[in-house]
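Subject: Structure handover

Hello,

Here is the structure you asked for. My notes come after it.

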Amino acid sequence: MIDSSSQAFKKARRQYLKSTRNRDPNIDKDWTPFRAAEKHFKARYPPPDLTKVLDLATLDESRASEVTAGIWAGKSDAVETHTFTTGSGSKGYTFPRLPGLILLPAFLCPEEQRNLIKWSLTEHARQPNETNLDVHYLLPAEGIWNAYLRDRNTLVYPRPIETDAEYLKQESGPRQLINNVSADTSNFELMNNVAKPPLPPSSNIRPATCSYLLPRLRWANIGWFYHWGTKQYDFSKGKIPVHDTIRKVCKGAVRSVDWQDIFASDTSDWGSHGPDWMDWHESYESDAGIVNFYQTKDTLMAHVDRSEVCATSPLVSISLGNAAIFLIGGITRDTEPIPILLRSGDVVIMSGPACRRAYHGVPRILENTLPPHLAEADGVDDPTWAVFKSYMETTRININARQVFPKDFDPGLPQ
Ligand SMILES: O=C(O)CCC(=O)C(=O)O
Ligand SMILES: [Fe+2]
């Protein structure tokens, strides 16, 4: 329940009244259903109503302490789902409205969740993997997390602007043309040959401490490098092998689903190569992706992950830490999105032609929803957990792994 006498509620109401005083009363007239849902869940005032949000943890007795830990809970029957039993005996859910969307609640046990959180910060958010901070700062080689643990006041210096850098020579015009085009096997070569100059560092960045930068860590790349300027992969930089921990979890998630059950009666268009779900237990291999780090005020706008050449192979998305509202709609923003409350340990799979290129986003991280198995350092039999716990109190981590190429497609790239 929302406490309307709390200081936070009153502050949000004051800000709302101030910011809406001169607002056009028809402002929401032209919003697409996706935009309207984003606005609803983002709002601090009035706080969003979660009764239409699917929250499967409310069905699971063993997660009762997670659900009651914070003020936020949805409903187990808010959205039409079908249940199946996974290969490992747990429950999985499908959505008649969006074939190929799979939800595996609590797929990861508390220990696996803690290990993935540690891995994300200690081993992954550092060179040679790129992070959002690298564009502007010369980060320590050990990564921002390890440097922060050593001394949170250590200064990190801005990346100098190189006077002969490639980014200064590029015209911005032609880049726009190829920006955000869906990748596929027929345009792969063209996309691959588009120039992908490094993004220019900002000119007004000052030295900053590790404790200032850590909450500003927003993502760390997995596998093939992604080029944000063109929204395409930059295959010329080679591929960093996907860590075994991630490979195994993602393969495990894909293998736990009986795809025959999901897609045998699917009649949609799977593209020129036809359906490939029959092979996924063997052929699925994540080779790119991103680890997203969200602070409680961060959001991820509606988008489609369309840079992968394969538009049907599963994308595996792992939630850790604070809970979030995840919205997923259809191939345009005009489809009313399905709202799902994702909690730590939940895994979402987006697969098949209808779901893999559906609009989705994260309009809200739900504050104070860190589950007890991550929040109580004492209850965790691990003396090193306390520092992770303090960071995770205001954080959600999402590990998002994708397969870039279809099974039999040879991109002709050095491995
Ligand atoms: O954080 C999430 O649950 C989704 C992230 C996502 O959609 C992405 O990284 O493309
Ligand atoms: Fe995405």
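The notes below go from the domains to the ligand, and then to some local features of the backbone.

Please keep in mind that this is a predicted model.

Domains. The protein chain has two parts: domain 1 covers 27-115 + 235-265 + 276-402, and domain 2 covers 132-220. Their centres, taken over C-alpha atoms, are 26 Å apart. Where they touch, twelve residues of domain 1 are in contact with twelve residues of domain 2. On the domain 1 side, strand β10 (residues 288-295) gives the most, with five residues. That side divides into seven nonpolar, three polar and two charged residues.

Ligand 1. Ile-290, Asn-292, Leu-300, Asp-305, Ser-317, Phe-326, His-360, Val-362, Asn-398 and Asn-400 surround ligand 1. Two or more residues of this shell come from each of β10, β16 (360-365) and β17 (395-402). By type, the shell has four nonpolar residues, five polar and one charged.

Strand pairing. Strand β5 (residues 155-158) has antiparallel pairings with strand β4 (residues 137-138), over two bridges, and with strand β6 (residues 208-209), also over two bridges. In the pairing with β6, Leu-155 has Thr-209 as its bridge partner.

Cis peptide bonds. The bond from Tyr-45 to Pro-46 is cis, with omega near -10 degrees, and Pro-46 lies in the loop between α2 and α3 (64-69). The bond joining Gln-127 and Pro-128 is also cis, with omega about 5 degrees. Pro-128 sits in the loop between α4 (110-124) and β4.

Positive phi. Ala-106 is not a glycine, yet its phi is positive, at about 45 degrees. This residue is in the loop between β3 (101-104) and α4. Ala-106 counts as buried because it has 21 C-beta neighbours inside 10 Å, and the cut-off for buried is 20 or more. Lys-231, another residue other than glycine, has a positive phi near 55 degrees and is found in the loop between β8 (226-227) and β9 (232-233). With 18 other C-beta atoms within 10 Å, Lys-231 is partly exposed.

Asp-30. This residue is in the loop between α1 (7-20) and α2 (33-42). Asp-30 has 7 other C-beta atoms within 10 Å, so it is exposed; the cut-off for exposed is 12 or fewer. From Asp-30 to Ser-202 the separation is 172 residues in sequence and 35 Å in space, C-alpha to C-alpha.

Regards

Technical notes: Residues numbered from 1 in each chain as written. Chains lettered and ligands numbered in written order. Predicted model: local features only at pLDDT ≥ 70, side-chain atom pairs only at ≥ 80, totals over all residues. Domains from an automatic or database assignment. Contact = placed C-beta atoms within 7 Å. Helix = DSSP H or I, 4+ residues; strand = E, 2+ residues; numbered from the N terminus. Nonpolar A, V, L, I, M, F, W, Y, C, P; charged D, E, K, R; others polar. Near = placed C-beta within 6 Å. Pairing = 2+ DSSP bridges.
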